Amino acid sequence: MSTSAIAREILIVSIARLLRGTRHVAVGAASPIPAAGAMLARALAEATDEPRLRISILGSVEHNFFTNGSAELFDCAGQGRIDAFFLGGGQIDGAGNVNLVGVGEYPEMKVRWPGSFGSAYLYFTIPRVILFREEHTPRVMVKSVDFISAPGTSAPDVWRKGGPYALLSGRGLFMFDKDKPGFRLESLHSGQTLAEIRDATGFEFGHDENPPETAPPDAPTLALLRGRVLDELHETYPDFAAGLRAAIHGTEPQEITR
Amino acid sequence: MQDDLDRLAAYVISGMRVAVPVDYGGVPMALTRRLITRGEARDLHLICVPTGGLQVDMLIGAGLVAMVETSAVSLGEAGGAPRFNNAVRSGEVRMLDATCPAIHAGLLAAQKAVPFMPMRGLLGSDVQAYREDWKVIDNPLAEDADPIVLIPAIHPDVAVFHAPMADRAGNVWIGRRRELAAMAYASGTTLVTVERIVETDFMADETTAAGTLPALYVTDIAQAERGAWPHGLWGTYDPDSAELRRYAAAARTAEGFAEYMATTKGETAP
């Protein structure tokens, strides 16, 4: 068994840190790493007397507080009852704009993705929106998105309670500064260099001269993740949980996140 | 010979606006396959509440769809919706890209019989920029500048969904899937397929009445066992992930789609 955290575990731990102090986190369907991060944050909050953390996983029957249909999530977000949420993005640019619609000129785009889902509302209403995309390449992290599903910032007269908080990729963690506006590299994941990240990123970002490595979890946190959190995760994402267990125990080649 | 599904399918006429549910909400796949087999209702305008999946992809692949109003179409964990993606690229279907709460807002306006519903967010997005039917006004109740988007009421001609059960009086059990009620309130006609028809009266017991869509809003009902397959039905059966993946692979080409439809019978699912 690997005694140090593997790449996927570093992502889960990073998400749990970003969720510290939140009371209600919503997770989209088919998002096992954000769900695991939220479950770890909940377990850590219980261990340290922090406020109780609720998790709503969309499409899940067990992890769901909603009884008023699929509109309730959005009503709840508008009322300020959801503190954190995750957005992916086929393209993400340096201004925090997110594109979930496609590549090329709208509407007959050369690549069409599913669509904007709730992003054009949730980005305005949820204070900590964490942009999470494992693939960190120039085709994802672009200078300027081809279609703005949801804008990173708004003019001062536009009602806005939420927006981008952080960008977590397979290469590193960035925090968003809405006054700039732009991203600042907070830490590099193990094995990454600043030069590699710059080459993989289509937009400019702030950084220290020697950015630190993303801190690994301490032993109790890693034990919590490999115990209780993986058990909880198994109920909703059995395939993902089994794959992660196998990777931790070294029964499959450890993944290299690119 | 005409059966109950034919009777329901006959309500859907070319050019209608058809509201369809989210892929975990009770998708009437058996009815969808019957609409495709009949092939009479064409140039449909689909309104996904608030996203679409296999049902939308199949109707597009069968050439029955002119327009899609949605916040997304995908096959979930089976990946992108191949016939949808292809039809958008080629311009074969017109898109009205939305965002989930805007679809809910439009249906709510219809439910309230008002012309529009104001909605936060959206400003500065291309979703809003491309929707000429959405209007931005300055909040008339605010002292300072406060732009806000108006979403016009969405009036589907017909709503279709699948649910676990109906009673003999035509009441339909929808449990906590309240968006199915929202679809029905907003639509002129509501067609429901169910797993079974039961003898108890849902309205006679408070416990079931709270999760019931009353017959007042339901136009017609047909029984279709495993009628959501290969999608799942909440509280009843899980999605058939292997079948969804099989479809996703087959439907990458028009020929593969045609072969899948010819060889996979939707209504006699295992």
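This is a predicted model: local features need pLDDT of at least 70, side-chain atom pairs count only at pLDDT 80 or more; totals for chains, interfaces and linings use all residues.
**View 1. The largest nonpolar core and its most connected members.** This core holds 125 residues, and those that touch the most other members are Leu131(A), Val18(B), Met58(B), Phe161(B) and Val172(B). Helix α5 of chain B, which spans residues 100-112, gives the largest share of the core, namely seven residues. At least three residues are drawn from domain 1 of chain B, and at least three from domain 2 of chain B.

View 2. Helix α3 covers residues 54-61 of chain B, and seven of its eight residues are buried. Among these buried residues are Leu54(B), Val56(B), Met58(B) and Leu59(B), and the list also includes Gln55(B) and Asp57(B). Just after α3(B) comes Gly63(B), whose phi is positive, at about 80 degrees.

**View 3. The contact between chain B and chain A.** Chain B contributes 37 residues to this contact and chain A contributes 36 residues. The size of an interface is often given as the accessible area that is lost when the parts come together. For chain B and chain A the buried area is about 3000 Å², with 62% of it on carbon and sulfur atoms. Arg89(B), Arg120(B) and Arg176(B) supply 17% of the area that chain B buries against chain A, which is more than any other three residues supply. One salt bridge is counted between chain B and chain A; Arg112(A) forms a salt bridge with Asp97(B), in which the closest N and O atoms are 2.8 Å apart. The polar contacts between chain B and chain A amount to 12 residue pairs. On the side of chain B that touches chain A, the largest share, four residues, comes from α4(B).

View 4. Glu179(B) sits in helix α7 of chain B. Is Glu179(B) buried or exposed? Its relative accessibility is 3%, and therefore Glu179(B) counts as buried. The side chain of Glu179(B) reaches the backbone nitrogen of Ser70(A) at 2.9 Å, and the side chain of Glu179(B) also makes a polar contact, at 2.7 Å, with the side chain of Arg177(B). Other residues touched by Glu179(B) include Gly69(A), Val22(B) and His104(B).

View 5. Most residues other than glycine have a negative phi, and most peptide bonds are trans. In chain A, the peptide bond from Tyr106(A) to Pro107(A) is cis, with omega near 0 degrees, and Pro107(A) is found in the loop between β6 and β7. Another cis peptide bond joins Lys180(A) and Pro181(A), with omega about -25 degrees, and Pro181(A) lies in the loop between β11 and β12 of chain A. Phe117(A), in the loop between β7 and α4 of chain A, has a positive phi near 50 degrees and is partly exposed, with a relative accessible area of 35%. In chain B, Arg226(B) has a positive phi near 50 degrees and lies in the loop between β12 and α9; at 27% relative accessibility, Arg226(B) counts as partly exposed.

How values were computed. Residues are numbered from 1 along each chain as its sequence is written. Chains are lettered from A and ligands numbered from 1 in the order in which they are written. Side-chain values use heavy atoms; hydrogens and water are left out. A nonpolar core is a set of buried Ala, Val, Leu, Ile, Met, Phe, Trp, Tyr and Cys residues joined through side-chain atoms within 4.5 Å. Buried means under 20% relative accessible area, exposed over 50%, partly exposed in between (1.4 Å probe, protein chains only). Helices (H or I, at least four residues) and strands (E, at least two) are DSSP runs, numbered from the N terminus. Domain bounds come from an automatic or database domain assignment. Contact means heavy atoms within 4.5 Å. Buried area is the accessible area (1.4 Å probe) that two parts lose on being put together, summed over both. A salt bridge is a side-chain nitrogen of Lys or Arg within 4 Å of a carboxyl oxygen of Asp or Glu. A polar contact is a pair of N or O atoms within 3.5 Å; within protein, one must be able to donate a hydrogen and the other to accept it, and residues adjacent in sequence count only if both atoms are side-chain atoms. Lists of a residue's contacts leave out its neighbours within four places in sequence.
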